[in-house]
Amino acid sequence: MKYISTRDSSKDFNFEQIFIKGLADDGGLYVPKSLKRYSSDELYKLENLSYNELSTELINLFSEDFISKEELSSLIKKSYSTFREKEVIKLSNLGEIILLELFHGPTLAFKDIAMQFIGNLYEYYLSKNDKKINIVVATSGDTGAAAINAIKGKSNLNIFVLHPNNKISSVQRKIMTTIDEKNVFNIAIEGNFDDCQNIVKQMFCDLEFSKSINMSGVNSINWARIIAQTVYYFYTYFKLGKKTISFSVPTGNFGDVFAGYLAKKMGLPIDKLIVATNENDILHRAISKGDYVSREVRETISPSMDIQLASNFERLIYYVNNSDSEKTAQIMKKVNQNSYQIEKNNLEIIRKDFLSESCNEQEILDIIKKNYEENNIILDPHTAIGVGAAKKISFNDCVVLSTAHPCKFPDATKNAINKYEKLPEELEYVLNKKENFQVLKNNTQEVKNFVKSKV
Ligand SMILES: *Cc1c(COP(=O)(O)O)cnc(C)c1O
């Protein structure tokens, strides 16, 4: 499989290049040159596969020039052996709604599913290449923990995680900062998540710097993460008896919901993908009105979605414009000037696949309360937004992606129902262990200096 940048289709890349680099030099995102589309007969051949087997089949389509199918299969098995659920994910009922529980990995959020996989993919790459790699990643809370857990202790790999100081939940922070390994560095930036993400982007775009440290990225723009997330859409479809289904997806960086869109493009019978946002509702405004202009980021009780610049949206722009990279590059100029209004015809195309809604803080608390009273289930605030969005547009018969374990957000659930879930026993230690992190200004040079001093 060959890949190109969303902003330039003249240069080809292979899987190894796009996996290690993450972001293209021109600022664009990598996309495959072509996609396999499963016929219904081909789809049905996948229906009885275990989660690991299905992952192997699907991911192999994208990575076979990098890793053999046999090696991929054992790598996937190893990746998901760290999960509490044997089949990685779990489907459960919440009244009429079906919850797709994605939080049974080591750091209790859906990001473990992709991250455990790519941690081992790095290890595989380094077993064949005599190199040292430095991963730099921005997190709104859950990515960092998942990445650290996946990379800690691996040789020839360092990881630097930037989180917005005081803007993530204390449990989220502690899961990251109590890991005591020589190759893990936590940095708290005096700014918000978009600032963190900007610093990482600027470090990447400074090619002299990024090459000098063999910088690599594991943010949700990394194609390897997207394909690992595509798997659970397929798996859910088979488990639910092969009916056309809709998914409601709590959305921040548009990575998880884009994986659903990719599944649909590959032939999975998905009706609608509901983009569910918190008060940081740029994606809801974009999809409902075409207004893709970002505003100030607000802090909410669903911090992993406190994002105003949804990086992966560029991939949707690319596909909606018939895979035209020149057009995409032009549009991204407008996006970067914060003045993009989606063209009317493109909006119609987007609305064939997507619906959107947003929930404010009070609504999130109310949803947590209502579902606790009616179903005796405690929802984390992100999942609550997925449920709330589906209800608001009366899409009751749908699957809501449950993206985090409620114990990660005790303040939110305490506020809603005066109760909070305990951490699973194996993670209780983080509450009292010494934390390690460095507070730095919202300044790219300062972060570069810090990273240089550690590599
Ligand atoms: C990251 C995250 C999201 C948003 O996922 P995106 O891929 O960024 O859209 C939603 N919920 C939780 C709990 C998360 O950690």
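# Exercises on cavities and pockets

The structure holds four cavities of 30 Å³ or more. The model is a predicted one.

**Exercise 1. Determine how much space the largest cavity has and which residues line it.**

Step 1. Start with the volume. The largest cavity contains about 270 Å³ of space.

Step 2. Find the lining. It is made of 27 residues, and those that lie nearest the centre of the largest cavity are F110, K111, G252, N253 and S304.

Step 3. Assign the lining to elements. Two or more residues of the lining come from each of α6 (142–151), α10 (223–239), β10 (245–250) and α11 (255–265). The largest share belongs to α11, which gives three residues.

Step 4. Sort the lining by class. In the largest cavity, 10 lining residues are nonpolar, 13 are polar and four are charged.

**Exercise 2. State which cavity corresponds to the space taken by the ligand, then describe the residues around the ligand.**

Step 1. Locate the ligand. The space that the ligand takes is the largest cavity.

Step 2. List its neighbours. There are 15 residues around the ligand, and K111, D142, G252, N253 and T403 come nearest.

Step 3. Sort this shell by class. Five of its residues are nonpolar, seven are polar and three are charged.

Step 4. Compare names with Exercise 1. K111, G252 and N253 are among the residues that come nearest to the ligand, and they are also among those nearest the centre of the largest cavity.

**Exercise 3. Describe the second largest cavity by volume, lining and class.**

Step 1. The volume of the second largest cavity is about 110 Å³.

Step 2. Its lining has 13 residues, of which V200, K201, F204, N219 and I221 are the closest to its centre.

Step 3. Helix α8 (residues 193–205) gives the most to this lining, with four residues.

Step 4. The lining of the second largest cavity consists of five nonpolar, six polar and two charged residues.

**Exercise 4. Find which helix gives the most to the lining of the largest pocket.**

Step 1. Begin with the pocket. The largest pocket has a volume of about 440 Å³, and 21 residues line it.

Step 2. Look at its centre. N198, K201, L309, M332 and N336 lie nearest to it.

Step 3. List the contributing elements. At least two lining residues come from each of α8, α13 (313–320) and α14 (325–336).

Step 4. Pick the main contributor. Helix α8 gives the most to the largest pocket, with six residues; α8 also gives the most to the lining of the second largest cavity.

Step 5. Sort by class. Nine residues in the lining of the largest pocket are nonpolar, eight are polar and four are charged.

**Exercise 5. Describe the second largest pocket in the same terms.**

Step 1. The volume of the second largest pocket is about 310 Å³.

Step 2. The 15 residues of its lining include I20, K21, K211, N214 and M215, which lie nearest its centre.

Step 3. α1 (15–21), α9 (207–212) and β9 (215–216) each give two or more residues to this lining. The most come from α1, with four residues.

Step 4. The lining of the second largest pocket divides into six nonpolar, four polar and five charged residues.

How values were computed:
Residues numbered from 1 in each chain as written. Predicted model: local features only at pLDDT ≥ 70, side-chain atom pairs only at ≥ 80, totals over all residues. Heavy atoms only, no water. Near = heavy atom within 4 Å. 1 Å grid on protein atoms, 1.4 Å probe; cavity = no way out; pocket = protein on both sides within 12 Å on 5 of 7 lines; lining within 4 Å. Sits in = over half its atoms within 2 Å of the grid points. Nonpolar A, V, L, I, M, F, W, Y, C, P; charged D, E, K, R; others polar. Points joined across faces, edges and corners; volume = space filled by probe spheres on them.
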